[in-house]
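Subject: The structure for you to look at

Hello,

Here is the structure I promised you. Have a look at it first, and then read my notes below.

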Amino acid sequence: MEVAGAKLKIGRPRSLLAARTHYCAGCGHGVVHRIIAEIIDEWGLRGQTIGMAPVGCAVLMYQYLDIDMCESPHGRTPEVAAGIKRARPDKLVFSYQGDGDLAAIGMGEIIHVANRGEPISVIFINNAIYGMTGGQMAPTTVPGQKTTTTPQGRSVTGEGFPIRVCELLATLEKPVYLERTVLGAPKEITRTKNAIKKSFRVQRELKAFSLVEILSPCPTYWRVSPDKSVKYIETWMEKIFPPGVIKDTTK
Amino acid sequence: MARQGKQEILEGATAVAHAVARCRPEVVAAYPITPQTHISEELSTIVADGELDAEFVKVESEFGAASVVLGASAAGVRAYTATSSQGLMLMAEVLWNMAGMRLPVVLACANRSVSAPLSIWCDHQDAESIRDCGVIQIYAEDAQEACDQHVIAFKVAEDRRVLLPVMVNLDGFLLTHVFEPVELPDQAITDKFLGKYEAAFKLDIDNPMSFGCFTEPDKCMEGRWMIHDAALRSLGVIEEVSANFLKAFGRNAGGHLEEYKSKDADTILIAKGSICGTIKDVIDQARDKGRKVGLVRIKTFRPFPRAALLAALRGAKQIAVIEKGGSFGAGGVVTPEVKEVLYDAGLHIPVSGFCVQIGGREVPADGIAEIIERVSKGEKQTAYEWFRLKKELLPDLVPND
């Protein structure tokens, strides 16, 4: 809508398609999609970037980003990305995954891709639940959190503790940059953008593996309102998954 | 004959979960996948509510789920899992192991298309692509049958003459997500019917035993033949268990085939799964017009009920096999098996194969009517036709003949 006398200060990035969103209100995926599109535009890499879509809520990610994207079997996303990168080392290759994809079914793949130091960027959306299939327990679900498969709350006795992916990968030699950020206040979103930028830079300049874990809201399956979901991350998730740089050997 | 028990309006997947719970598995492991998820979700609730004394393991993948139930079964308890599509693909390696170790695991497959292109909707390519691994495959037409077939599945799998995994197939969404009147298997009758589970072979320190051992070429073939032999033997066991199920529960859920108005039919259709409901309606309409048409519904697909099929088809003048899958570069999956049965009996009845549904595209009643019309008129036998393929969607590089 045009308003007389008004000047457009910020618009839709060229790399973000004008698609109607399928994400729920308050979901973090759309924000991260936009961040990726902004970086691709800022660096003029639209024809040079190849993305990997996950299996999960972001399965239709290729409907939002105007770049080449490829699907993979559930959880094998980083291995497919590694194959693309080995075949086309000149391209910027990123793998975009949720916690079901990366920390459950694809745990083997992410560890070995990181351990080989494949020069790809991994964007890991951690919302502590399986969203796509309707709110079941994920490996990242916090103790006590109610899900459809843990109706009385996650019990650490039978279901274990949440897996901290960044800390796990930090025990490996090859990953050079691992940071955990939050989709919360605008400054946190800026921090997230800077982290993804840094990850892309690590790939292009150092030819090394990096991963950005983003604590992201899922109001629908946390059964809270979108505005309260930010508080939910602070109260519940950040204690288990402390934000910050977990590993950085770029300097 | 039919026992009039209490019917409830239940979602197919929910009903299946409650039927499974009444079979009292001691270990359940599953990973969410559309359209199976509601089965395992409901089972986790049943366990959390204390209604079923079982371990419910929230594993990291279908590979993990199948492996957990393999281990539980080897340790001597009744075990259950459920999956669909890609999940079944991921389980495939474990399913071969289960069959080879002769473990009576029961699983459900909510039939769904296999990637790529990605589709969450129904066809039978997931189950058919693990056709050869030694897992018994039965197919339900409606939610009631899916429930009852689970009880039959445990009984058949655990029979000492069989000892093979059994997979109950129910069409994704069409059966898993539809609400239907269902009479759940009565708990007391189910307990009596299945009996307390006693494993034929299990890991037991007092009677040491190993599973799935390495074999040299001098023994492996015999081990595999025993799977084949057990699968063939299960044909008789399925008949026997189905007859006993009918006596105990008053419902006819098992058996190898359902013969619907096919005894005097000139044209016989063959299909499996929920599409048979539509086919029966179309057959009723055709019968009203004096057409001698019938359906032979395949309930047991593995082992393939050759003798029963031959007896059911012997009088047909022409046959149409209606499939929800296919073997790329070859043709149908069920169609050639039907032809083999007839050929081996020296019968030259024309058999046309039709792939009517891939990735959830529905074939409406008029499509079935068209197939009946074409086949009844004696149209030349087709090897395998991709029915109503949208040629306008095909790129130019595909010859548009």
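Among contacts in chain B between residues at least 6 apart in sequence, what percentage join residues at least 24 apart? The figure is 81%, where contact means heavy atoms within 4.5 Å.

A word on the ground rules before going on. This is a predicted model, in which local features need pLDDT of at least 70 and side-chain atom pairs count only at pLDDT 80 or more, while totals for chains, interfaces and linings use all residues. Residues are numbered from 1 along each chain as its sequence is written, chains are lettered from A and ligands numbered from 1 in the order in which they are written, and side-chain values use heavy atoms, with hydrogens and water left out.

Let us start with chain A. Its secondary structure comes to nine helices and seven strands; these are DSSP runs numbered from the N terminus, helices being H or I with at least four residues and strands E with at least two. The radius of gyration of chain A is 18 Å, close to the 18 Å that the globule rule gives for 251 residues, so chain A is as compact as a globular protein of that length. That radius is taken over C-alpha atoms, and the rule is 2.2 Å times the number of residues to the power 0.38. Along the principal axes, the C-alpha trace of chain A spans about 50 × 50 × 35 Å. Of its 251 residues, 54% count as buried (under 20% relative accessible area; exposed is over 50% and partly exposed in between, with a 1.4 Å probe and protein chains only). For contacts in chain A between residues at least 6 apart in sequence, 68% join residues at least 24 apart.

Now for chain B. It has 12 helices and 15 strands. With a radius of gyration of 21 Å, close to the 21 Å from the globule rule for 401 residues, chain B is as compact as a globular protein of that length. Its C-alpha atoms fill a box of roughly 65 × 55 × 40 Å along the principal axes, and 57% of the 401 residues count as buried.

Chain B is divided into domain 1 (8-249) and domain 2 (257-393), with bounds from an automatic or database domain assignment. The centres of the two domains, taken over C-alpha atoms, are 27 Å apart. Across the divide, 26 residues of domain 1 are in contact with 30 residues of domain 2.

Next, look for the open sheet in chain B. Seven strands form it in the order β3-β2-β4-β5-β7-β6-β12, with mixed pairing (two strands pair if DSSP finds at least two bridges between them). Strands β3 (55-58) and β12 (300-302) stand at the edges with a single partner strand each, so one side of each is left without a neighbour in the sheet. Inside the sheet, β4 (residues 79-83) and β5 (residues 106-111) pair in the parallel sense over four bridges. B:Thr81 has B:Leu107 in β5 as its bridge partner.

Is B:Ala231 buried or exposed? B:Ala231 is buried, with a relative accessible area of 15%. Leaving aside neighbours within four places in sequence, B:Ala231 is in contact with B:Leu164 and B:Pro303.

Best wishes
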